[in-house]
Amino acid sequence: MRSLPLAARLYVGLVASTAITVVVLGRYDGIDLATLILVAILFVIAESISTMVDSGRAGISPSSSASLAAVVLVGPVGAAVVGFASCLILRRQSIIKRVFNAAQFALAGYAAGRVFQVLGGGIGIPERGDFPWVVLPFTAAILAHTIVNGALVAGLMWFLGVVRIQRPHRIRWRPLATLELSSVGYGMLGLFIAAIWGVVGPFAVFLVLLPLFIARWTFDQYVAEQRAHEATLATLCQAVETKDYYTRGHCTRVSKASALIAEELGMHAERVHTIRYAGMLHDVGKLGVPTKVLQKSGRLTEEEFAAIQLHPMRGYEIVREIGFLDEALAGIMHHHERMDGGGYPMGLVGKDIPEFARIISVADAFDCMTSTRSYRQARSVAEAIAELRRCAGTQFDPVMVDALISAIERHGWDTPGVVEPPDDDVAEVAQQDHDDPSVPLRLAGEGER
């Protein structure tokens, strides 16, 4: 607790004391004790089997369904007690996190229960005559549960200094709508639990636990598949960077910048994941380019430059059998096309260039310009942005340029440090002054491989 900022400690204390007040002073009239205990057990088990998804960055848990079932079966105070049972979960957590999570779930459950009651929802096992009208107050309860949960977590993140409230340039309605619809659909399982409770009684707990464990197994498989994908990409990127050490970390940064552009454009999460893959693998075709060409000091001959120009098609050939790449393949193959038709490998013009390729083209050039090499200093972010603007419309898609600039203004950009070659011959490398298509030739005469 002492490691938390004072404001965060006060916030956690306030949330916890409010939840305790609700649980202690609430009215328990008409609440069946056996039902309350069984739903609380269901909640604890469901919360204990939460599964990490999205490469470990986010978690999901079926416990919200148990909490919302409590809203119907035992009312707002009962739902608060069920939520407070989170402090008994079987996963390892610090005492502070246990207390805050318990208070958070208790307040969310209580708020959902109050909304359910105010809108006419009856407390207890739903009967046949309650349908379909009970769906409306229950849907409102789901929304209240989601909003309170999110607001309490956001408040803690604010006091911890993790997030800051900023006015968005525009609201991305598609991901918000998708997230909320998913939440409503998942929460409806709580109404299902309450309904079958009237048929089989406490045995409903066992009927519900089985699909919950099946869901956990399914998500575990999904996580394992994601990790396998990430491992595959990491191996390929490492192979490229081992061969072309001047661009160490370049693939990861292009992946990040490409994702920022995609998010700014409002792409849904699945396409953002795919553009990350495309950014990571955009230079994988350099595996087919002779090392002496990639690491040559001085200018490239026409034959050597032609070999470099083949790397997008070679990259496509290397990864085209990887099924999960999908749209990323077009981005890998065409990321050196130009809006005016002067690019390669096919000389596509304007919107004929795949969207992913237009995104990667901007992200690739931006990172090249802002990266320090052993033979020259990086440009500043402001200089790189000015260059992108200058070339928008002829070389780059102006929409993608504007999206990257907006994303950088919002999130910032960490420029990389100097990457030293694996040998001591830095002096020779520092003399190189060659043309390289990683940053197109018309970028103020700058050459990069």
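Helices here are DSSP runs of H or I, at least four residues in length, numbered from the N terminus. Keep in mind on this tour that the model is predicted.

**Stop 1: helix α16.** Go to the end of this helix and pick G412, which sits just after α16 and has a positive phi of about 80°. Now select the helix itself, residues 398–411. Slide to the start of α16 and show the side chain of D397: one of its oxygens comes within 3.0 Å of the backbone nitrogen of V399.

Next, colour the buried residues of α16, among them M400, V401, L404, I405 and I408. What do they pack against? Bring up α8 (250–264), α14 (355–370) and α15 (381–391), and you have their packing partners.

**Stop 2: D367.** Is D367 buried or exposed? Its relative accessibility is 0%, so D367 counts as buried. Show side chains and you'll find D367 making a polar contact with the side chain of R253, at 2.5 Å. Beyond its neighbours within four places in sequence, D367 also touches H250, V254 and W413.

**Stop 3: a nonpolar patch.** Switch to a surface view and select V199, V200, F203, F206 and L207, which make a nonpolar surface patch of about 500 Å². Helices α6 (173–200) and α7 (204–243) each contribute at least two of the patch residues. F203 lies in the loop between α6 and α7. With a relative accessible area of 46%, F203 is partly exposed.

Note on methods:
Residues are numbered from 1 along each chain as its sequence is written. This is a predicted model: local features need pLDDT of at least 70, side-chain atom pairs count only at pLDDT 80 or more; totals for chains, interfaces and linings use all residues. Side-chain values use heavy atoms; hydrogens and water are left out. The expected span of a helix is 1.5 Å times one less than its number of residues. Buried means under 20% relative accessible area, exposed over 50%, partly exposed in between (1.4 Å probe, protein chains only). Contact means heavy atoms within 4.5 Å. A polar contact is a pair of N or O atoms within 3.5 Å; within protein, one must be able to donate a hydrogen and the other to accept it, and residues adjacent in sequence count only if both atoms are side-chain atoms. Patches are made of residues with over 30% relative accessible area and no salt bridge: like charges are joined within 9 Å, nonpolar side chains (Val, Leu, Ile, Met, Phe, Trp, Tyr) within 5 Å. Accessible areas come from the Shrake-Rupley method with a 1.4 Å probe; for residues, only the protein chains shown count as cover. A salt bridge is a side-chain nitrogen of Lys or Arg within 4 Å of a carboxyl oxygen of Asp or Glu.
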